[in-house]
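These are my notebook entries on one protein structure. I looked up a few features in turn and recorded each below.

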Amino acid sequence: MTDPIREAILLTKTALEKNASARWIIGFSGGKDSTALLKVFAAAVQDAKTVPSRIDIIYCDTGVENPVLDDYVKGLFSRLGDEFKGQPTPFRLSLLRAPVKNRFFVKLIGRGYPPPTNSFRWCTKNLRIRPVAEFIKRAAVDDAIVALGMRKDESLQRDRTLARYGGGIWQNQNEGGRRYRMFLPILDLDVGDVWEAVFGLPFPESIDAAKLAQLYRGASGECPIVKAPQAAPCASGRFGCWTCTVVRKDRSSRSLIDAGHVTLSPYLAFRDWLASIRNDSWRRWPYRRNGTVGLGPFTLETRLEILRRLKDLEKQVGAVILPRAEQREIMRLWKLDSQATSRSVINAGEG
Ligand code: SF4
């Protein structure tokens with residue numbers, strides 16, 4: 001075991017002992033960093049004299065997670081549930097989901113939001129950050145601590161932001177009017193340490209390190225679930241949404257397809273098409289929702305086309321991508337927008 005891993009376990013053990021009455025929450029994406037974090041926690045819990053009565057492990061199910069990786073994480077969650085059952089363990093598992101109105105396709109097809117880019121990245125907040133903030137709020141405790149598998153050498157951008165926030169393993173957060181602390185015990189681990197922790201630390205036993213390594217094949221990075229420090233674009237790494245257009249190319253899906261996960265090909269083709277139509281002015285309202293002139297939401301015709309293509313994709317891959325509740329919300333939003341546009345056409349005619 002390397003020294004940085006031993007140090008991370010010791011830091012976590014001490015933090016747990018000193019903050020045994022706090023509500024501990026581990027942000028888990030299924031990626032290598034959060035897996036290393038979970039293993040460090042499991043080791044620290046075994047060593048600690050006092051541990052909190054409850055440590056939540058949360059996973060944000062965005063509904064558009066890369067299907068291969070989403071299957072892996074949900075399978076892992078189910079095995080972890082079995083492993084923890086009947087054990088005197090503080091770990092509790094929770095899958096978090098954004099409310100229907102904030103889901104990816106409701107925003108894109110229902111409201112006509114253009115696919116996200118770095119300068120209009122509406123998704124991370126709706127799909128990941130808010131559900132986590134809500135979870136913390138519902139926990140209704142004064143002292144919440146969110147542990148994340150963030151590391152210094154992940155990206156230059158993250159290093160700079162970490163430096164701005166003091167760069168330490170403890171950071172203060174304020175989200176949705178609620179203050180909490182972030183704990184980043186693997187901040188100083190490099191990629192080699194991370195894999196050593198994933199393979200070398202024994203618990204939880206249900207983690208299949210070889211399977212995880214096989215899913216990676218050289219990619220890194222995870223989509224952030226807290227507001228700051230901001231991370232690099234998500235699909236530049238491995239675990240993120242299959243719809244992600246924040247990066248120019250979805251290298252994550254591409255390399256998974258090259259590794260044999262050909263079921264992802266239709267998803268990638270849909271994502272590429274979405275990215276390609278984003279800036280077609282004829283597909284967008286000529287004004288924004290706030291009334292200013294400029295590229296606004298997708299037109300209702302384009303939203304209908306996206307919906308049709310999405311239904312075709314569902315048939316192709318044999319999976320439900322758009323749950324009924326989201327479809328219903330999309331129809332409701334279309335109705336509102338078609339009433340609004342016909343009103344503005346009448347007004348324009350009268351003018
Ligand atoms: S992975 Fe991409 S699409 Fe998904 S929340 Fe992150 S930035 Fe948005």
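This is a predicted model: local features need pLDDT of at least 70, side-chain atom pairs count only at pLDDT 80 or more; totals for chains, interfaces and linings use all residues.

**Entry 1**

**Entry 2: the buried side of helix 7.** Helix 7 covers residues 191–200. Which of its residues are buried? I listed Asp-193, Val-194, Trp-195, Ala-197 and Val-198. I then looked up what these buried residues pack against, and found helix 1 (3–18), helix 2 (32–47) and helix 8 (209–216).

**Entry 3: the largest pocket.** I recorded a volume of about 430 Å³ for the largest pocket. Of the 21 residues that line this pocket, Pro-67, Asp-70, Tyr-267, Ala-319 and Val-320 are the closest to its centre. Helix 3 (residues 67–84) gives the largest share of the lining, five residues. Sorting the lining by class, I noted eleven nonpolar, three polar and seven charged residues.

**Entry 4: the second largest pocket.** I found about 260 Å³ of space in the second largest pocket. Its lining includes Arg-111, Arg-278, Arg-284, Arg-288 and Arg-289. By class, the lining of the second largest pocket has five nonpolar, two polar and five charged residues.

**Entry 5: Val-317.** I located Val-317 in helix 11, which spans residues 300–317. Why does Val-317 count as partly exposed? Its relative accessibility is 23%, and a residue is called buried under 20% and exposed over 50%; Val-317 therefore counts as partly exposed. Leaving aside neighbours within four places in sequence, I found Val-317 in contact with Thr-263, Pro-266 and Tyr-267. I also looked up Leu-264, which is 53 residues from Val-317 along the chain. The C-alpha atoms of Val-317 and Leu-264 are separated by 8.5 Å.

**Entry 6: the whole protein.** I ended with the totals. The protein has twelve helices and six strands. Of its 351 residues, 55% are buried. I noted that, among contacts between residues at least 6 apart in sequence, 70% join residues at least 24 apart. The protein exposes about 16,000 Å², and carbon and sulfur atoms supply 51% of this area.

Methods
Residues are numbered from 1 along each chain as its sequence is written. Side-chain values use heavy atoms; hydrogens and water are left out. Buried means under 20% relative accessible area, exposed over 50%, partly exposed in between (1.4 Å probe, protein chains only). Helices (H or I, at least four residues) and strands (E, at least two) are DSSP runs, numbered from the N terminus. Contact means heavy atoms within 4.5 Å. On a 1 Å grid over the protein atoms alone, a cavity is a set of points where a 1.4 Å probe fits but cannot get out, and a pocket is an open set with protein on both sides within 12 Å along at least five of seven lines; lining residues have an atom within 4 Å of a point. Grid points are joined across faces, edges and corners, and a volume is the space filled by probe spheres set on the points. Ala, Val, Leu, Ile, Met, Phe, Trp, Tyr, Cys and Pro count as nonpolar, Asp, Glu, Lys and Arg as charged, and the others, Gly among them, as polar. Accessible areas come from the Shrake-Rupley method with a 1.4 Å probe; for residues, only the protein chains shown count as cover.
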